[in-house]
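Welcome, and please open the model in your viewer. We will go from stop to stop, selecting residues as we go.

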Amino acid sequence: MKRTPHLLAIQSHVVFGHAGNSAAVFPMQRVGVNVWPLNTVQFSNHTQYGQWAGEILPPHQIPELVEGIAAIGELGNCDAVLSGYLGSAAQGRAILTGVARIKSINPKALYLCDPVMGHPEKGCSVPAEVSDFLLEEAAAVADFMCPNQLELDSFSGRKPQSLCDCLAMARALLARGPKAVLVKHLDYPGKPDDVFEMLLVTATESWHLRRPLLAFPRQPVGVGDLTSGLFLARVLLGDTLVAAFEFTAAAVHEVLLETQACASYELELVRSQDRIAHPRVRFEAMPISL
Ligand SMILES: Nc1ncnc2c1ncn2[C@@H]1O[C@H](COP(=O)(O)OP(=O)(O)O)[C@@H](O)[C@H]1O
Ligand SMILES: Cc1ncc(COP(=O)(O)O)c(C=O)c1O
Ligand SMILES: [Mg+2]
């Protein structure tokens, strides 16, 4: 019987609604992965509401919790680490300590870093020390990085002029260490208005994918976290990178269709669970070169 992969997911938790682990854990479980959620913050709701209650996890607790799993002899079963929204650079460094500990026991373990900094239209941002940490320290350790356009711009210190330029910027990030860069959301001059585009870049191949852009009165939150979580889950389940990329685009689109149909602001993850596991739509990734 095929083993069920185990994934340590280190990101935020919200009591109400869906962002961070609250957007990614259930979908990753639903596609067949054992998830170990480690919550970097516990907030009442995501920060786009403009107000929330709750606390940030002290950074030292991250390696302590990882050590606790080592102490019961289970850490070697960890096949991958996912990290997302960081409260501080110190929290990021604590995650890298945990990743190093896991890789020392299981050198095959993968690390996906979603360098959460925000989104242009949402105007949310993180302290400069966090973006510096992500570029200078996390990129050297991560096997996969999943920036959106704003995050890629921040890494590159400029905005792209064209799709080819986005590709060049993703390649520059790849040169810092990751085996693959998934750009979750492209934006560049000349991009068609009615499509949502993504990019997957590895050392040898690059893929471009388009899906329909859906209209929402308020942009849903947690889509990026859902995207990076499903991508890593499918890679752990044995997909090639491009198959995981295509699956992720389809499953996320299914969630957005359900969310739009319900006129809901929060992602309708429970209602779309069968569509996540078995997307009806399919988007083909097309090879792209400079
Ligand atoms: N097909 C779509 N149609 C409309 N909006 C979408 C679509 N897919 C994603 N979005 C929105 O676009 C943004 C995706 O941004 P991205 O940068 O990938 O992630 P996030 O900001 O969630 O980390 C989010 O605001 C999301 O709600
Ligand atoms: C607590 C929390 N975690 C994570 C996120 C990231 O969500 P997204 O996937 O939309 O980038 C947000 C966005 O507001 C948030 O408030
Ligand atoms: Mg994001």
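Select G76 to begin: G76 is partly exposed, because 14 other C-beta atoms lie within 10 Å. (A residue is buried if 20 or more other C-beta atoms lie within 10 Å of its own, exposed if 12 or fewer, and partly exposed in between, with C-beta atoms placed from the backbone.) You will find G76 in the loop between α2 (61-71) and β4 (80-83). Those labels come from DSSP runs, numbered from the N terminus: helices are H or I runs of at least four residues, and strands are E runs of at least two.

A few words on what is on your screen: this is a predicted model, where local features need pLDDT of at least 70 and side-chain atom pairs count only at pLDDT 80 or more, while totals for chains, interfaces and linings use all residues. Residues are numbered from 1 along each chain as its sequence is written, and chains are lettered from A and ligands numbered from 1 in the order in which they are written.

G76 and R101 are 25 residues apart in sequence, and their C-alpha atoms are 9.7 Å apart in space. Which residues does G76 touch, not counting residues up to four places away in sequence? They are I105 and N106. (Two residues are in contact if their C-beta atoms, placed from the backbone, lie within 7 Å.)

**Next stop: helix α1**

Select residues 21-30, which form helix α1; seven of its ten residues are buried, so α1 is largely enclosed by the rest of the structure. To see them, colour N21, S22, A23, A24, V25, P27 and M28. These buried residues pack against β1, β2, α7 and α9 (273-277). Just after α1, click on G32, which takes a positive phi of about 115 degrees.

**Next stop: ligand 2 and an annotated site**

Select S12, T47, Q48 and D225, which carry the annotation "binding site" in an unreviewed UniProt entry. These four are spread over 214 residues of sequence, yet they cluster in space, with a largest C-alpha distance of 14.5 Å. (UniProt positions follow the numbering used here, feature names are shortened, and annotations may be inferred rather than shown by experiment.)

Compare two of these residues. Q48 is in the loop between β2 (34-43) and β3 (54-56), and Q48 is partly exposed, because 18 other C-beta atoms lie within 10 Å. D225 is in helix α7 (residues 223-236), and D225 counts as buried because it has 30 C-beta neighbours inside 10 Å. Beyond four places in sequence, D225 touches Q11, A19, G20, A23, A24, G84 and D114.

Now show ligand 2. Of the 16 residues around ligand 2, S12, G20, H46, T47 and G224 come nearest. (A residue is near a molecule if its C-beta atom, placed from the backbone, lies within 6 Å of it.) Which element gives the most to the shell around ligand 2? That is α7, with three residues. β1 (6-14) and α7 each supply at least two residues of this shell.

**Next stop: a second annotated site**

Select D114, E151, K184, R211, P212, L213 and L214, which the unreviewed UniProt entry also annotates as "binding site". They span 101 residues in sequence, and the farthest two C-alpha atoms are 23.2 Å apart, so they do not all gather at one spot.

Is D114 buried or exposed? D114 counts as buried because it has 30 C-beta neighbours inside 10 Å. Its place is in the loop between β5 and α4, and among its contacts more than four places away in sequence are S83, C146 and D225. Move on to R211, in strand β9 (residues 206-212). R211 is partly exposed, because 17 other C-beta atoms lie within 10 Å.

**Last stop: helix α4**

Select residues 128-141: helix α4 has 14 residues and reaches 20 Å from its first C-alpha to its last, close to the 20 Å expected at 1.5 Å a residue. (The expected span is 1.5 Å times one less than the number of residues.) Finish by colouring V130, S131, F133, L134, L135, A138 and A139, the residues buried in α4. They pack against α3 (89-105), β5 (110-113), β6 (144-145), α5 (149-156) and α6 (163-174).

Technical notes. Near = placed C-beta within 6 Å.
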